[in-house]
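Have the sequence and the 3D view ready. This short report walks through some of the charged and aromatic side chains, one group at a time.

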Amino acid sequence: MSTERKLMSLINSSRVLNSTLDIDEVLHHLIQEVLNVIDGANASILFLYDKRHDHLYAKAAIGFDMHHLQHVRLKPGEGMSGYTFQMKSAQIFRSSNQTHAHMANIPDEAKAIYAKSLGRYKVPDSALSVPLMIKGACIGVLTVDIYEKPTAFDDENLRLLETFATQAAVAIENATMFSQNERTSKIHRELSRAALTRGGIGTIIQSLSGIVNLPVVLFNEFFDLLDGSDSAAIATARSLIEKKKTHLHQYISPDQIQSLFGQDGDQPIEAVFFPLNANDRTAGYVMILLSDHAFIDPVDQFAIEQTSMVFTMEILRKEKESINDWRHSSMMLDHILHGEWNHQVISNLENLPVFTNPNAGMVMVHLQLDISNVQFGQFQAKKDHVLRILARKVGTHRCQGFLLEETRSVTFLFMIPAHLDARNAYESIGTLFTDVAESLHASRSLSIKAGLSRLVTEVSGLRPAYQDAVKAVEYLFKLQTARSVLTYDELGIERLMLNTPFQEMDSFVTDTIGPIAAYDAAHDADLLLTLKTYLESTSNMALTAKKCFVHVNTVKYRLQLIKELTGIADLSGRKAFELQLGIYVHEHLENR
C-alpha cells in the first residue's frame, strides 16, 4: 500500500470512528476499518479488559464466529493478546512458529472456543497486536491476523496499526464517556420515576434491573428475601442462600461488596452482594446475579449505589411500620399488666374482639434484656436490633402476638387459636424465644432472659400469668445461669425461694442438713443422696437400696448415722419435710 493510500485510509478510518458516539457502533466500525488500514490482514479481534475479574474478553471480531468467541477469556500474559496487554507495547509475530509459541499457554477451554469460532483450531501465519492505551492505562488489545496466506506483517504494518489504535482508543473513550453520561441520566430518570410513583420495593427493583440489565434480588439484614426482579431470579437466590444458610455471615460482609458462588442448574453463577448501610448498621443487601460471563461495569455500580439509598430508606420505613403496628397493641396490654384489675375491668376486656374469638389458650412471655456487658450509649441501638429480630420471628409465628415495650423489658401476649393443639403451640413459643436468644448470641448483641407463663384460658388469668413469667425471668437472673428461656412450670419449688436472700437460705441449709453435708465432704460419703432418695421413695428402704444400687443394710446403716448427726430420732413428719426442703435449697444454691 502506498504512503498516500495509507494516509487516506487512516483519515477515512478516523472519520468513521468519530462518526458516532454509540459505543457498540464505534466498536463495530473499528473492527471493520482495521482490515482496510492493515494490508493483508484477513481476521481481527478486539479484546477489552475486565479489571474486576482481571481478564481480557472478546468484544468484537471479524473472521471469527462471535457466537462462540464472545465466551473466550484470557488472563494477562496468555496468548498473543494477553502478552501484549502485559507488556503494554505493540508486538509483531512474523511467522506461524512465533504465533504458535505465544499461543501455547492459552488454557484448553479457550483453545476449544477458538476452534469453534474458526471451524478448527489453527494459529495465524503472522499477527500484529497493539494495546489500547488511555491516560497510561491499557483498556484492551487489538490483534490482527493473517490466516492461510503466503505473506507476513512487517514493521511498517505495526506502526500503522499503532497509529490506528491511538485513534481507536480515543474514539472508545469518547463513546464510553457519552454512554456513561447517557446511562447516568437514565439512572436519575428511572429512580425519580420510581420514587414519585411510590411503587415500593418491587418497582425500585424492576427499575434497577432494567438499568443494569441484570437480575436483582433484595434481602433484609437477616437474609430474608424481600423481592426480586423475576421469578427465576428469586428461585436462584433462594437456592443459593439455602445452601449457605448456616454460614452466610462468614461469606458475606456487612461492610463491603462480596460475592457468593454457586450453580444455577448446570451453569456457574456469581451473586454479588451490596450491603445497604444505615447509620451504624446494615439494613439489608442488594444481590446482583451474574451468569454467562456477565459483569458489573462502573456505571452499573453507580446505579446500584444510587438505588441502594432508596432501598435502605424503604426497608427502614417498613421496619418502623411493623414495630409501630406492634406498639399499637401496647395500650391494651399495659392496662392488663399494670392497670386497675377488678371484675368490671376483666368483664370489659372479655368483650373486646380479640378475646371474644374462641381461643384454646393464652400465654404471657416476659423478656428482659441483660445490660451487664453493654457499653454506655450502645443500649438503644442494641435494643432496636432485638426488636427487629423479635418482629421477624413473632411476626411469622402462627399465634397472634401483642407487645408491650418497656425500658429494659418486652412483654408478649400470645393468643393460641382453638384449631391448634395448645400444648404444641405453647412449646413452639418457647422454641421461638430460644431461637431469638441464639440469634442474638450469634450476632453478639444483647443477651436476653425470657420466662413463659402457664397456659391460661380465661382473661382473669392474664395478670397472674404475667407474674408467673416475671418470676421465671427473675429466677434465671438470680442464678446467673447460661440458660435463656424458662417456663413457670419448670420452676417447681424454686418459686418459693425467689424472694429469699441467699444468706437466709445458707443459714437454713446449715441448720437442717449442715452436719450431713459436712460428713459427706470429710468422708467422701453419700449420706445426702441416700436421704434424698429415701424421702422421695416414701421412706421405703428396699426401694431406696434399689435406686442407690446398695444393700438394704447399707441404707439402714446410713439412715442411723444421719439420725446421730442431726439428733433426729424419727425421719418422718415435719422433721422429714425440713430435711427434704433443706436438700432442695442446697441444690438451688449449688446451681448458682
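Glutamate 221 has a relative accessibility of 10% and so counts as buried (buried means under 20% relative accessible area, exposed over 50%, and partly exposed in between, with a 1.4 Å probe and protein chains only). This is a predicted model, where local features need pLDDT of at least 70 and side-chain atom pairs count only at pLDDT 80 or more, while totals for chains, interfaces and linings use all residues. Residues are numbered from 1 along each chain as its sequence is written, and side-chain values use heavy atoms, with hydrogens and water left out.

Glutamate 221 forms a salt bridge with arginine 281, and their closest N and O atoms are 3.1 Å apart (a salt bridge is a side-chain nitrogen of Lys or Arg within 4 Å of a carboxyl oxygen of Asp or Glu). Because glutamate 221 lies in the loop between β7 and β8 and arginine 281 in strand β11, the pair ties together parts that are 60 residues apart in sequence (helices, H or I with at least four residues, and strands, E with at least two, are DSSP runs numbered from the N terminus). Arginine 281 is buried too, at 17% relative accessibility. Both belong to a salt-bridge network that links Glu221, Arg281, Glu319 and Arg388.

## Other salt bridges

How many salt bridges does the structure hold? There are eleven. One joins aspartate 468 to arginine 454, at 2.9 Å from N to O. Aspartate 468 sits in helix α17 (residues 462-479) and arginine 454 in the loop between β15 (447-452) and α17, so this pair ties together parts 14 residues apart in sequence. Aspartate 468 is buried at 5% relative accessible area, whereas arginine 454 is partly exposed at 34%.

Arginine 483 and glutamate 490 make another, with their closest N and O atoms 2.6 Å apart. Arginine 483 is partly exposed at 38%, and glutamate 490 is partly exposed at 42%.

## A buried glutamate with no salt bridge

Now look at glutamate 78, in the loop between β3 (73-74) and α4 (79-87). Glutamate 78 is buried yet has no salt bridge, and the nearest side chain of opposite charge, lysine 75, is 7.6 Å away (Lys and Arg count as positive, Asp and Glu as negative, and His and the chain ends are not counted). Still, the side chain of glutamate 78 reaches the backbone nitrogen of lysine 75 at 2.9 Å.

Leaving aside neighbours within four places in sequence, glutamate 78 is in contact with Arg73, Tyr83, Asn105, Ile106 and Pro107 (contact means heavy atoms within 4.5 Å).

## Aromatic rings

The structure holds eleven aromatic pairs (rings of Phe, Tyr and Trp, with its six-membered ring, pair if their centres lie within 6.5 Å; planes under 30 degrees apart count as stacked, over 60 as edge-to-face and the rest as tilted). The rings of phenylalanine 223 and tyrosine 285 are stacked, because their centres are 4.7 Å apart and their planes are at 10°. This pair links distant parts of the chain, 62 residues apart: phenylalanine 223 is in the loop between β7 (216-220) and β8 (225-228), and tyrosine 285 is in strand β11 (residues 281-291). Phenylalanine 223 is buried at 8%, and tyrosine 285 is buried at 2%. Ring pairs link Phe219, Phe223, Phe273 and Tyr285 into a cluster.

Key
A polar contact is a pair of N or O atoms within 3.5 Å; within protein, one must be able to donate a hydrogen and the other to accept it, and residues adjacent in sequence count only if both atoms are side-chain atoms.
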